[in-house]
Amino acid sequence: MVAKKDIDWGSLGFGYIKTDKRFVSNYKNGAWDEGVLTDDANVVMSECAGVLQYSQSCFEGLKAYTTEDGKIVCFRPDQNALRMKSSCERLEMPVFPVERWVKAVVDTVRADEAWVPPYGSGATLYIRPYMFGSNPVIGVKPADEYQFRIFTTPVGPYFKGGAKPIVIRISDFDRAAPHGTGHVKAGLNYAMSLHAIMDAHRNGFNENLYLDPATRTKIEETGGANVLFVTPDKTLVVPKSPSILPSITRRSIVYIAQNILGMKVEEREVLFDEVKKGSFAECGLCGTAAVISPVGKIYDHGTEYAFPSGMEEMGPVLKKLYDTLTGIQMGRLEAPDGWIQVIDG
Ligand SMILES: *Cc1c(COP(=O)(O)O)cnc(C)c1O
């Protein structure tokens, strides 16, 4: 066992802390090089680099953590690799081969093992793989050269002192155009969302809930998390749309609901009218960072729609899903095949 860094894991927030090693591979003349683990946390590139001019970049986010029996693992990294592949294809960027991608994540975490928080601290090692066009591009076209990097940074427990329900608002801004890039993890989707999120915060809301831009009647997702609903008869209802980012957390929750908890699941278009009519008993947001955050209310232009689960705690069905998924992740419950990638131990 590598000696851990001397960090008060429980009081860490969600911020960047420079760790020891990061992975870097360069794409040039149509091929990726071997890649290296380096101490150098700075990127040096042309002032005219494609990413700086036309935002050709995409990223992923996943976590490494220590399980109950002391293993260092990460959760379904192959799914992140496949999602980055689809992001690259949509953005005319070269794919970093899936097997090499997973190996690079494993190698990076191993090199930063001293930064993986201990079991029970609630903290995790956040892993950020990303790719960008690095050579000069001035006429609008894809870059010819790219860099793929992976860094890690330790992050604290997402909810300090329990998951309190949040209030989200229906946004007047759109997140993703029909047939646009909403389904891929492109930096540009986030650049566009910054004004909307700041505006939400200035008005006292935690997040924006986006409706489909074409008809403004169907629920899509928030700026960085998919949405889950639970009906009074305990059916899990998950909005479906080609412009929603395919969350790995959401897909894992759907699998758990269907195959482990024996719940009924509907993946379908969800009308905002259903929320207005009180069709749902619970609502939550899901993503790697928080796993599930409960939503207590949705605010829509002066009217608040409150869920029966209230503003004190996560509703019972979402809590069961949360406990099952985190139990699988932490090694307390048996994982479906291929879900846990062991890094060490
Ligand atoms: C990354 C992301 C999510 C969550 O995906 P996970 O794989 O569960 O972390 C949801 N929505 C958007 C827009 C995202 O970028």
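The centres of domain 1 and domain 2, taken over C-alpha atoms, sit 26 Å apart. Everything here comes from a predicted model, where local features need pLDDT of at least 70, side-chain atom pairs count only at pLDDT 80 or more, and totals for chains, interfaces and linings use all residues. Residues are numbered from 1 along each chain as its sequence is written, and side-chain values use heavy atoms, with hydrogens and water left out.

**View A. Where domain 1 meets domain 2.** Domain 1 covers 9-157 and domain 2 covers 166-329; these bounds come from an automatic or database domain assignment. Across the boundary, 20 residues of domain 1 are in contact with 20 residues of domain 2 (contact: heavy atoms within 4.5 Å). The two domains bury about 1600 Å² between them, with 61% of that on carbon and sulfur atoms. Buried area here is the accessible area (1.4 Å probe) that two parts lose on being put together, summed over both.

**View B. The largest nonpolar core, with 33 residues.** A nonpolar core is a set of buried Ala, Val, Leu, Ile, Met, Phe, Trp, Tyr and Cys residues joined through side-chain atoms within 4.5 Å; buried means under 20% relative accessible area (1.4 Å probe, protein chains only). W101, V105, V109, M131 and F148 have the most contacts inside this core. Helix α3 gives the largest share, six residues. Zoom in on V109 and you'll find it touching A64, I72, V116, L125, I127 and I343, leaving aside residues up to four places away in sequence. Apart from this core lies another, of 27 residues, including F75, L228, M263 and L321.

**View C. Helix α7, residues 316-329.** Helices are DSSP runs (H or I, at least four residues), numbered from the N terminus. The 14 residues of α7 reach 20 Å from first C-alpha to last, close to the 20 Å expected at 1.5 Å a residue (the expected span is 1.5 Å times one less than the number of residues). Among the buried residues of α7 are V317, L318, L321 and I328. After the helix comes G331, with a positive phi near 80°.

**View D. Cysteines without a disulfide.** A search of the whole structure turns up zero disulfides (a disulfide being a pair of cysteine sulfur atoms within 2.5 Å). For C48, the nearest cysteine sulfur is that of C58, 20 Å away. C48 is buried, at 16% relative accessible area. C283 has the sulfur of C286 as its nearest, 10 Å away, and C283 is buried too, at 2%.

Key: Buried < 20%, exposed > 50% of the residue type's maximum accessible area, 1.4 Å probe, protein only. Helix = DSSP H or I, 4+ residues; strand = E, 2+ residues; numbered from the N terminus.
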